[in-house]
Amino acid sequence: MSDDDDSFEDDDIGEAETPTQWLTTMADMSMLLMSFFIMLFSMSSLDVKKFNDSFSSVKTALGVKEKSTTSSPITTGDMSVLVEQARIKQRIIGEQRRVFDQFKSYVSNKGLDGVIGATLEAGKITINFPAGVLFPKDGVDLTDDGKARIRTMFEFLIKTSGERINIRGFTDDAPPGTGSRFRDNWEISSLRAVAVLRYLVSLGMAPNRLTATGLADLEPLYPNDTPDHRARNQRVEFVLERWIGE
């Protein structure tokens, strides 16, 4: 997989492509130039506090956590690390944009538009399956159709060896019915995520690429106020993050 690609912009599977990739490239370059000139300005003024504050702002923008609340002189090594982190982040975003575009084309070719949703945000690709596509109502065992859908996902994911995959199960906020063998929605969502993970492993996916998480009714996509909204909130997500070092 090539490392060259455009920077990211949020998208949905059903949206039409627009020729605005140059805008994201320009935005990335502007961010790097801004960081560079902030450093130059701070150093030229010889105001250590101003420089440290500017440096901290740039690190915050890049998602770097401060180790302490006390200020300390910024070294050349610190600046080199910051620049390298910016380069790595831009490379990852570019690679994720490429994988995301490939996935959209793959879904379209498989005729799954409207069944599988996907978004790209902050370098993370989230692929969304309605639970009803994979599991029977209130069940945790994949249906035959569900297994077929997962096989389709496997055919794509097996080619993206640079991605770690977190499989996340969700329910709506309605508790299991009376007489259900499940204690609560945490159990249902966890067992569904694990069922998908195990099936991917049985197909040949490397286990160290996969994790499974049950989130019950946390992070609903819609208010749990109608049957349709509840059905949409019951879902299984595949969250793809770039695996550094691959």
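Biologist: How many helices and strands does the protein have?
Modeller: This is a predicted model, and in it the protein has seven helices and five strands. Read along the sequence, they follow the pattern α-α-α-β-β-α-α-β-α-β-α-β.

Biologist: And what share of the residues counts as buried?
Modeller: Of the 246 residues, 38% count as buried, and among contacts with a separation of 6 or more, 70% are between residues 24 or more positions apart.

Biologist: Which residues touch the most other members of the largest nonpolar core?
Modeller: That core has 33 residues, and those touching the most other members are Ile127, Ile167, Val196, Leu200 and Phe238. The elements giving two or more residues to this core include α3, β1, β2, α5 and β3, while the largest share, six residues, comes from α6.

Biologist: What does Ile167 touch, then?
Modeller: Leaving out residues up to four places away in sequence, Ile167 touches, among others, Val196, Leu200 and Phe238.

Biologist: Switching to charges, how many salt bridges are there?
Modeller: The structure holds twelve salt bridges. One of them joins the side chains of Glu219 and Arg168, at 3.1 Å from N to O. Glu219 lies in the loop between β4 and α7 and Arg168 in strand β3, so the pair ties together parts that are 51 residues apart in sequence.

Biologist: Are those two buried or exposed?
Modeller: Arg168 is buried, with a relative accessible area of 17%, whereas Glu219 counts as partly exposed at 43%.

Biologist: Where does Arg235 lie?
Modeller: Arg235 lies in strand β5, which covers residues 235-242, and Arg235 is buried, with a relative accessible area of 2%. Its contacts, leaving aside neighbours within four places in sequence, include both Arg168 and Glu219.

Biologist: What does the side chain of Arg235 reach?
Modeller: The side chain of Arg235 reaches the backbone oxygen of Asn233 at 3.0 Å.

Biologist: Back to salt bridges: what does Lys104 pair with?
Modeller: Lys104 forms a salt bridge with Asp101, where the closest N and O atoms are 3.8 Å apart. Both residues lie in helix α3, three residues apart, about one turn of the helix.

Biologist: And which residue does Glu241 meet?
Modeller: The side chain of Glu241 meets that of Lys124 in a salt bridge, at 4.0 Å from N to O. This pair links distant parts of the chain, with Glu241 in strand β5 and Lys124 in strand β2, 117 residues apart.

How values were computed: Residues are numbered from 1 along each chain as its sequence is written. This is a predicted model: local features need pLDDT of at least 70, side-chain atom pairs count only at pLDDT 80 or more; totals for chains, interfaces and linings use all residues. Side-chain values use heavy atoms; hydrogens and water are left out. Helices (H or I, at least four residues) and strands (E, at least two) are DSSP runs, numbered from the N terminus. Buried means under 20% relative accessible area, exposed over 50%, partly exposed in between (1.4 Å probe, protein chains only). A polar contact is a pair of N or O atoms within 3.5 Å; within protein, one must be able to donate a hydrogen and the other to accept it, and residues adjacent in sequence count only if both atoms are side-chain atoms. Contact means heavy atoms within 4.5 Å. A nonpolar core is a set of buried Ala, Val, Leu, Ile, Met, Phe, Trp, Tyr and Cys residues joined through side-chain atoms within 4.5 Å.
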